[in-house]
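Me: Give me a close look at one single part of this structure. Then connect it to what surrounds it. Keep it brisk.

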Amino acid sequence: MIELRRTYERYWAARRADAGGAAEGSSSPNEIFESVGSVLGEGKRLLDVGCGVGTLLDLVGAKFQAVHGCDLSETALREARQRGVLSVCADLNRGLLPYKDRSFECVTCLEVIEHVFDPLSLLRELHRILKDKGQLVLTTPN
């Protein structure tokens, strides 16, 4: 797991260097985020699982009182926090997410599930932290 984390840290460090430190998606939001923004409801709390640098906040932040995020990379999370995402470092391959049961009205998991070793465990965790009648928006290219 340590090597996996190092891989993501290198990935985000290189990606941020290529962007010149600019906020990802600040000039042209990606089509997945735009699609999610159009279908996502409103609520008190949103959790973006695999939030990266927090780009989704730019499109949906006004719909929620608080946007939370988790990611494996502290490099990415530093920028997410600067954007206003209440973020924590979490390894999705290590079991439980660091949130209480039924904590979020909405959960997004965009282009992440294909990167975990046990997708079914992740789905169970997303179900656990999602409030009854909550909304999960999950995308995958795989």
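Reply: **Val-49 and its surroundings**

Leaving out residues up to four places away in sequence, Val-49 touches Cys-70, Leu-92, Val-107, Thr-108, Cys-109, Leu-110, Val-112 and Leu-126. Contact here means heavy atoms within 4.5 Å.

This is a predicted model: local features need pLDDT of at least 70, side-chain atom pairs count only at pLDDT 80 or more, and totals for chains, interfaces and linings use all residues. Numbering starts from 1 along each chain as its sequence is written, and side-chain values use heavy atoms, with hydrogens and water left out.

Together with Leu-47, Leu-97 and Val-107, Val-49 has the most contacts inside the largest nonpolar core, a set of 17 residues. Strand E1 (43-49), strand E4 and helix H5 (119-129) each supply at least two residues of this core. A second, separate core holds 16 residues, including Leu-57, Val-60, Leu-77 and Cys-106. A nonpolar core is a set of buried Ala, Val, Leu, Ile, Met, Phe, Trp, Tyr and Cys residues joined through side-chain atoms within 4.5 Å. Buried means under 20% relative accessible area, exposed over 50%, partly exposed in between (1.4 Å probe, protein chains only). In soluble globular proteins, nonpolar side chains tend to be buried together.

Now the wider chain. Of its 142 residues, 44% are buried. The chain has 5 helices and 5 strands, in the order α-α-β-α-β-α-β-β-α-β from the N terminus. These are DSSP runs numbered from the N terminus: helices are H or I with at least four residues, strands are E with at least two. Among contacts between residues at least 6 apart in sequence, 61% join residues at least 24 apart.

Strand E4 (residues 104-110) also holds Glu-105. Glu-105 counts as buried because its relative accessibility is 19%. Its side chain makes a polar contact with the side chain of Lys-131, at 3.1 Å. A polar contact is a pair of N or O atoms within 3.5 Å; within protein, one must be able to donate a hydrogen and the other to accept it, and residues adjacent in sequence count only if both atoms are side-chain atoms. Beyond four places in sequence, Glu-105 touches Gly-43, Lys-44, Arg-45, Leu-130, Lys-131, Gly-134 and Gln-135.

Next, the largest pocket. Its volume is about 630 Å³. It has 30 lining residues, and the closest to its centre are Trp-12, Gly-50, Leu-110, Glu-111 and Val-112. Two of these, Leu-110 and Val-112, are also touched by Val-49. H1, helix H2 (31-39), E1 and E2 give two or more residues to the lining. H1 gives the most, with 5 residues. A pocket is an open set of points on a 1 Å grid over the protein atoms alone, where a 1.4 Å probe fits, with protein on both sides within 12 Å along at least five of seven lines; lining residues have an atom within 4 Å of a point. Grid points join across faces, edges and corners, and the volume is the space filled by probe spheres set on them.

Last, confidence. The mean pLDDT is 87, and 87% of residues reach 70 or more. pLDDT is the predictor's confidence in each residue, from 0 to 100. Over residues 22-28 the pLDDT is below 50, with 13 contacts beyond near neighbours in sequence. Where pLDDT is low, the predicted coordinates should not be read in detail.
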